[in-house]
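Me: I would like to learn how to read the features of a structure model. Can we take them one at a time?

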Amino acid sequence: MNFLELKKEYRLSDLIKIVKSNLEKNGFSNENYNLYAKEFVEVADSDLICYLDVGPTITNEDEEVYSDFVIENSLELYYDGQQFEDVLSNVLHQKSDATIDIFISAVNYYDDNDTFLDIE
């Protein structure tokens, strides 16, 4: 992954800035990463600490197997990386000068509603 490091701690606001910049310069990353947190996240804020790692693998029995890093650090899946990029990209298409708060609102909205936030 050339713009983000796996197994590294990021504040959500910093992660948004990095992914936003990459989307503007290069488009979607097509990288296999997910965002993880130390506990279940009901509503995210800019200071949420996220960790990046690969997504789970699926066994023949349809069980999700998470990486050693995720298990050893007792992390919870917060967001799929491609979905995260989709949400940020949608915000950029609607409002190229969106603030971090708008991006976070859009992330929370998608998490709750499984659809994109309409920005006025």
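**Reading the model**

Reply: Start with the aromatic residues: Tyr78, Tyr79 and Phe84 are joined into a cluster by ring pairs. Keep in mind that this is a predicted model.

Me: How many aromatic pairs does a search of the whole structure find?

Reply: The search finds five aromatic pairs. In general, two aromatic rings are described by the distance of their centres and the angle of their planes. For Tyr36 and Tyr66 the centres are 6.2 Å apart and the planes stand at 85°, so this pair is edge-to-face. Planes over 60 degrees apart count as edge-to-face.

Me: Where do Tyr36 and Tyr66 lie?

Reply: Tyr36 is in strand E2, and Tyr66 is in the loop between strand E5 (64-65) and helix H2 (68-72), so the pair ties together parts 30 residues apart in sequence. Tyr36 is buried, at 0% relative accessibility, whereas Tyr66 is partly exposed at 23%.

Me: How should I read salt bridges, and how many are found?

Reply: Side chains of opposite charge can pair when their charged atoms come close. The whole structure has five salt bridges by this search. One of them joins Asp47 and Arg11, with 2.8 Å from N to O. Asp47 sits in the loop between strand E2 (34-37) and strand E3 (49-53) and Arg11 in strand E1 (residues 9-11), so this pair links distant parts of the chain, 36 residues apart. Both residues are partly exposed: Asp47 has a relative accessible area of 48%, and Arg11 is at 34%.

Me: What are the distance and the accessibilities for the salt bridge between Lys8 and Glu5?

Reply: The closest N and O atoms of Lys8 and Glu5 are 3.8 Å apart. A salt bridge is counted within 4 Å, so the 3.8 Å pair qualifies. Lys8 is partly exposed, at 34% relative accessible area, and Glu5 is partly exposed at 49%.

Me: How are Lys20 and Glu24 placed relative to each other in helix H1?

Reply: They are four residues apart in helix H1 (residues 12-26), and therefore separated by about one helical turn. Glu24 is partly exposed, at 48%, whereas Lys20 is among the buried residues of H1.

Me: What else can be read from H1?

Reply: Start with its span. H1 has 15 residues and reaches 20 Å from first to last C-alpha, close to the 21 Å expected at 1.5 Å a residue. Then look at the buried residues, which include Leu12, Leu15, Ile16, Val19 and Leu23. The buried residues of H1 pack against E1, E2, E3, strand E6 (76-80), H3 and helix H4 (100-113). Just after the helix, Gly27 has a positive phi of about 80°.

Me: Which residues are in contact with Val87, apart from its neighbours within four places in sequence?

Reply: Val87 contacts Tyr79, Ala106, Val107, Tyr110 and Phe116. Val87 belongs to helix H3 (residues 81-94), and is buried at 1% relative accessibility.

Key. Residues are numbered from 1 along each chain as its sequence is written. This is a predicted model: local features need pLDDT of at least 70, side-chain atom pairs count only at pLDDT 80 or more; totals for chains, interfaces and linings use all residues. Side-chain values use heavy atoms; hydrogens and water are left out. Helices (H or I, at least four residues) and strands (E, at least two) are DSSP runs, numbered from the N terminus. Buried means under 20% relative accessible area, exposed over 50%, partly exposed in between (1.4 Å probe, protein chains only). Contact means heavy atoms within 4.5 Å. A salt bridge is a side-chain nitrogen of Lys or Arg within 4 Å of a carboxyl oxygen of Asp or Glu. The expected span of a helix is 1.5 Å times one less than its number of residues. Rings of Phe, Tyr and Trp (its six-membered ring) pair if their centres lie within 6.5 Å; planes under 30 degrees apart count as stacked, over 60 as edge-to-face and the rest as tilted.
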